[in-house]
Amino acid sequence: MFSPNNNENIQECLNFISGKWEFPEEKLGQIISPFTGQILANTYRSKKTSVNSAVLSASKSQQEWEKYSYRERAAIFLNYRKWLLENLIDLAKIISNECGKLQNEAKDGLLKGIEILDYAISIQNLDQLARMTVSKGVHCEYRREPLGVVAGITPSNFPAMVPMWMFPIAIMAGNSFIWKPSEKTAMTSYYLALGFKESGLPDGVLNIIQGDKETVDILCEHEDIKAIAFVGSTPVAKHVYTKATSTGKRALTLGGAKNHIFLMPDAISELAVDGILSSFTGCCGQRCMAASVLLAIGNTQNIIDEIVSKAKNFAPGKDIGALITKQSLQKVEKAISEACLSKEQILVDGRNPKVEKEISQGNWLNPTIVDHVLPNSILAKEELFAPVLSIIRCKSIEEAMHIENANPYGNAASVFTSRGDIAEFVTLNAKAGMIGVNVGIPVPREPFSFGGINHSKFGHGDITSDGGLEFWSNRKKVTTKWFQLKNQNWMS
């Protein structure tokens, strides 16, 4: 992947096909460090020739790979797990450098990916399916079969974790996998592929295609790709789902979010302050599970004051990462300026924070908290993908629920309260696929699956755990009878 260049520090983000690194057809752009503004890598666009080559490689390898038993596949995955843990710190540094999150955040994302890898390894024990006698002398059973060649398209904010939502389960199910990483964070893909190669995965079972929207469309249109998963923004998720399914593919595409936190006056202060603060500032707000709207119900001022106090003391590069691009930073700053009609609304202004000289060219935005936001404001409705918390004051839990339910997305919602009845009310009535009670980031732990509803997801099922296994495979139903019984019934 790393080819000689005039600047030895600039890397080449290439395709990985049949276990070899290859140049795609066109130069695309560059990966710029969110911390320093320095050029890290050159990126490329794959066109039909490269995609066809990857699909051919994947198709040939899949015919042999599906003959491996679960146990044989799991042995390779165990090698991969060991490799990931041995290289955890170095991998976290690479992820941090290209996407702007802090190194400990990058490490946590990898560990979450490994958790899903653990689930994939355990499929050999969990996926027992079923066989039973359904009538005299007649048996029915389920058998699981791979789809063939499948593909995944992943975003820039979690360049290792989100791919690991996809390819471990898909490959363990017997498929070969084509991965199109984000062109903004293509460097990480090299190392994840390298680890699989060193762990003994046969060449061609995992192929990587670099590129942009044009490449995505080619993947969606390719007749030999049987299923596509995607994670990213809602407009692109809808585009990929529509284009993929129009060609008869199975598709599951996860989109954006506008997550709400219900804050009650009886909330446990320590839980609420830490949970809300980490929710909207973690990964610099660049995650679909970040809670960006605080529905403050009744007198919750003491908790808000403490959140404000802590948010003012964040240090760029130490307590919070950077936004991935200058364009992202400019977009958020513009939204804050347009939405805030008075300076009094801004409890914490994170624009133009003081930073050290060596990172002065980075894309820095400190925690920003805006009070008395109107439900129809851009801050309350649009996914900004930044560490911005919008506070909407509500008189009752019913008023707050009306605001949450009007949200077109449906990824996550949380409530901070010490009352079980309030927690149950939110759990039952919030229109979101993942609910947290006194948890700011309600990401389920495996084997509980990940997935939202409404405009946060197109397609059926979830992307991880048993939802992922069902998505990446077919159930074959077998009915068997070996002899004719004298006492027959309708089934016989």
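Me: Contact here means heavy atoms within 4.5 Å. With that in hand, which residues is Ile 171 in contact with, leaving aside neighbours within four places in sequence?

Reply: First, a caution: this is a predicted model. Now the contacts. Ile 171 meets Trp 65, Arg 73, Phe 77 and Phe 177. Phe 196, Leu 201, Val 205 and Leu 206 complete the list.

Me: How should I read a nonpolar core, and which residues have the most contacts inside the largest one?

Reply: In soluble globular proteins, nonpolar side chains tend to be buried together. Here the largest nonpolar core has 65 residues. Trp 165, Ile 171, Phe 177 and Trp 472 have the most contacts inside it. Helix 4, residues 103-126, gives the most to this core: 9 residues.

Me: Now a helix. Which residues of helix 7 are buried?

Reply: An α-helix has 3.6 residues a turn, so residues three or four places apart point the same way. Helix 7 spans residues 213-221, and its buried residues are Thr 215, Val 216, Asp 217, Ile 218, Leu 219 and Cys 220.

Me: What do the buried residues of helix 7 pack against?

Reply: Both helices and strands. The helices are helix 1 (48-65) and helix 8 (234-246). The strands are strand 5 (39-45), strand 8 (149-153), strand 9 (176-180) and strand 11 (225-231).

Me: On to pockets. What is the volume of the second largest pocket, and how many residues line it?

Reply: Rolling a probe the size of a water molecule over the atoms shows where empty space is left. The second largest pocket has a volume of about 270 Å³. Its lining has 18 residues. Nearest its centre lie Gln 30, Ile 31, Ile 32, Lys 184 and Thr 325. Strand 4 (26-32) and helix 11 (326-339) each give two or more residues to the lining. The largest share, 5 residues, comes from strand 4. By class, the lining has 9 polar, 5 nonpolar and 4 charged residues.

Me: Take Thr 325. Is this residue buried or exposed?

Reply: Thr 325 counts as buried because its relative accessibility is 18%, and the cut-off is under 20%. Thr 325 sits in the loop between helix 10 (301-311) and helix 11. Not counting residues up to four places away in sequence, Thr 325 touches Lys 184 and Asn 363.

Me: Last point: confidence. Where is the pLDDT below 50?

Reply: Where pLDDT is low, the predicted coordinates should not be read in detail. The chain averages a pLDDT of 94, and 96% of the residues score at least 70. Over residues 1-7 the pLDDT is below 50. Beyond near neighbours in sequence, that stretch has 17 contacts in the model.

Methods. Residues are numbered from 1 along each chain as its sequence is written. This is a predicted model: local features need pLDDT of at least 70, side-chain atom pairs count only at pLDDT 80 or more; totals for chains, interfaces and linings use all residues. Side-chain values use heavy atoms; hydrogens and water are left out. On a 1 Å grid over the protein atoms alone, a cavity is a set of points where a 1.4 Å probe fits but cannot get out, and a pocket is an open set with protein on both sides within 12 Å along at least five of seven lines; lining residues have an atom within 4 Å of a point. Grid points are joined across faces, edges and corners, and a volume is the space filled by probe spheres set on the points. Helices (H or I, at least four residues) and strands (E, at least two) are DSSP runs, numbered from the N terminus. Ala, Val, Leu, Ile, Met, Phe, Trp, Tyr, Cys and Pro count as nonpolar, Asp, Glu, Lys and Arg as charged, and the others, Gly among them, as polar. Buried means under 20% relative accessible area, exposed over 50%, partly exposed in between (1.4 Å probe, protein chains only). pLDDT is the predictor's confidence in each residue, from 0 to 100. A nonpolar core is a set of buried Ala, Val, Leu, Ile, Met, Phe, Trp, Tyr and Cys residues joined through side-chain atoms within 4.5 Å.
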